Each structure stands twice: as structure tokens, then as C-alpha cells.
Amino acid sequence: MALDIGMQDLIENNTLRVPVALCIDTSTSMAGDKINELAAGIELFVNAVDEDEEAHDAVELCIVEFNDGAGMIAEFAGIDRLQERPIRQLEAGGMTYMGEGVNMALDALDRRKAMYRDTGVQYNQPWLVLMTDGKPNGSPQELTRAVQRVNELVAGRKLSVFAIAIGADASMDALAMFSPRRDPMRLQGIKFREFFEWLSKSVSQASGDAPGDDVTPDPDVSGWKL
């Protein structure tokens, strides 16, 4: 029986991993320049990690979108796999089902961590990067469940959250529910490229830390934070 590609990657390369779950808002309000710059920023992030000697083998990325529900854009994979299967074009539409999106991202992290355990691969504290320009309007039950899951993981030092508000209409209160240890940060305009440059530097730093270390990101956010 053929091995799952994700499992095969872990067996062939047992480097310490830094799993990053990117959970992005692709609702109607993200249409136009926002969605285009977000897509360009993600591509920049993948390329920057690819060019970093340490981060290239360590960082794994999955991408979840939320709009009228939640969808998996890219399952967890290393940078090589992501470049073999380019990320599809992002399209904006629908509402802001944030709770559903976060739950899908956490489920993906759970599956990947189980693979790490099965293959004996060590990993650093997973990252959840949550980006939205609005307020959650999906199922209240899903939102409550997502908030509870995130807070339990953060309290147990099993997850680091980076909550990013896009534009003036993004709810800082909603993002704060998902980020109990760090205040949410608001993006300057649509400086997605600058944000993802900062993110790539931060994950590169984390890839050189000891297994299980907490995340200490690059402190200089002046290039993108409002």
C-alpha cells in the first residue's frame, strides 16, 4: 500500500518541523486589491521560506479559507510540495464564517501533529495565523467551539496565534477572543507583502529553536503594523 505523501515526506526528512496554519478571510469584502495582494503575499512567503536554508526543510504550511463556510486551499505540506502544486487563485465571495475556518485549521493541525508522532518527527509549537477584514457571522456554536479550542491550546502552550486585522472594519474584539496572549494587530493598508516578509523571518527564526520552544517572532513589525 502506497504511503500518504505527507507521511512519506516525514519519513524521508525527519528535520524538526514548524507547522503554520494560515486561516484567511476570502469573503466578499476582500474583493479587489485586498485579495490580490493577499495572494501575492502568500506567494512571497512560500518563496522566502524556500530560499532560507533552515526554514526550507522545517516549515510546513496549510491554508484554510473562510467565506460562506470553510475550505481547504492547501493541506499541510513542505515548501517543495507547495511549489509542485501551486496554490490556486484566491476568489472573494460570501460571508465571514470565521469559527468554521478556525476549526478546520485546528483539525488540520491535529492531523499533522498525529503524523509527527507516528513518524517520530519533533516539532515546535504550531502557529495559527488568522487574517480577516470583518466580523464573524457564521454559526455561533462553531465560533464558540473554535474560541474554546484555541484558548485551551494557547493556555497549554500548544499553539501560538497571530491575529491580523485587515482594514478599519475588522473586529479587534473578535480577533482578541482568538489571541489571549498577544493583542491582535492591524495591517497598514494592504501591506500583505510586508507582513509575509516579517512572517517568513519569524518562522525562519523558529525553525532554529529547540523542539517544543515557544515562538519568539521578529519584534520589528513597523513595516506593516498600523
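**Close-up views of a predicted model**

**View 1. Glu 142 and Arg 145 within helix α6.** Glu 142 and Arg 145 are both in helix α6, 3 residues apart, about one turn of the helix. Helices (H or I, at least four residues) and strands (E, at least two) are DSSP runs, numbered from the N terminus. The model is predicted, so local features need pLDDT of at least 70 and side-chain atom pairs count only at pLDDT 80 or more, while totals for chains, interfaces and linings use all residues. Residues are numbered from 1 along each chain as its sequence is written, and side-chain values use heavy atoms, with hydrogens and water left out. The side chains of Glu 142 and Arg 145 form a salt bridge (3.4 Å, N to O). A salt bridge here is a side-chain nitrogen of Lys or Arg within 4 Å of a carboxyl oxygen of Asp or Glu. Glu 142 has 23% relative accessibility and therefore counts as partly exposed; Arg 145, with a relative accessible area of 36%, is also partly exposed. Buried means under 20% relative accessible area, exposed over 50%, and partly exposed in between (1.4 Å probe, protein chains only). Salt bridges that share partners also join Asp 107, Asp 110, Lys 113 and Arg 149 into one network.

View 2. Lys 34 is partly exposed because its relative accessible area is 21%, whereas Asp 133 counts as buried at 3% relative accessibility. Arg 112 and Glu 60 also meet through their side chains in a salt bridge (2.8 Å, N to O). Here too the pair links distant parts of the chain, with Arg 112 in helix α5 (residues 98-119) and Glu 60 in strand β2, 52 residues apart. Arg 112 and Glu 60 are both buried.

**View 3. The negative patch.** Glu 53, Glu 54, Asp 57 and Asp 80 gather on the surface in a patch of negative charge. Patches are made of residues with over 30% relative accessible area and no salt bridge, with like charges joined within 9 Å and nonpolar side chains (Val, Leu, Ile, Met, Phe, Trp, Tyr) within 5 Å. Asp and Glu count as negative and Lys and Arg as positive; His and the chain ends are not counted. The place of a charge is taken as NZ of Lys, CZ of Arg, CG of Asp or CD of Glu. Accessible areas come from the Shrake-Rupley method with a 1.4 Å probe, and for residues only the protein chains shown count as cover. Helix α3 (residues 53-58) gives the most to the negative patch, with 3 residues. Glu 53 lies in helix α3 and counts as exposed because its relative accessibility is 76%.

**View 4. The largest nonpolar core.** The largest nonpolar core has 39 residues, and those with the most contacts inside it are Leu 22, Ile 24, Leu 38, Met 131, Phe 195 and Phe 196. Elements giving two or more residues to this core include β1 (18-25), α2 (33-51), β2 (59-66), β3 (70-78) and α8 (192-207). Helix α8 gives the most to this core, with 7 residues. A nonpolar core is a set of buried Ala, Val, Leu, Ile, Met, Phe, Trp, Tyr and Cys residues joined through side-chain atoms within 4.5 Å.

View 5. Ala 21 is in strand β1 and is buried, with a relative accessible area of 0%. Its C-alpha atom is separated by 5.9 Å from that of Leu 61, 40 residues apart along the chain. Phe 178 lies in the loop between α7 (172-177) and β6 (185-186). Phe 178 is buried, with a relative accessible area of 0%. The C-alpha atoms of Phe 178 and Phe 162 are separated by 8.8 Å, with the two residues 16 apart along the chain.

View 6. Arg 193 is in helix α8 and is partly exposed, with a relative accessible area of 39%. The C-alpha atoms of Arg 193 and Ile 42, 151 residues apart along the chain, are 7.8 Å from each other. Arg 157 is in the loop between α6 and β5. Although Arg 157 is not a glycine, it has a positive phi of about 55 degrees.
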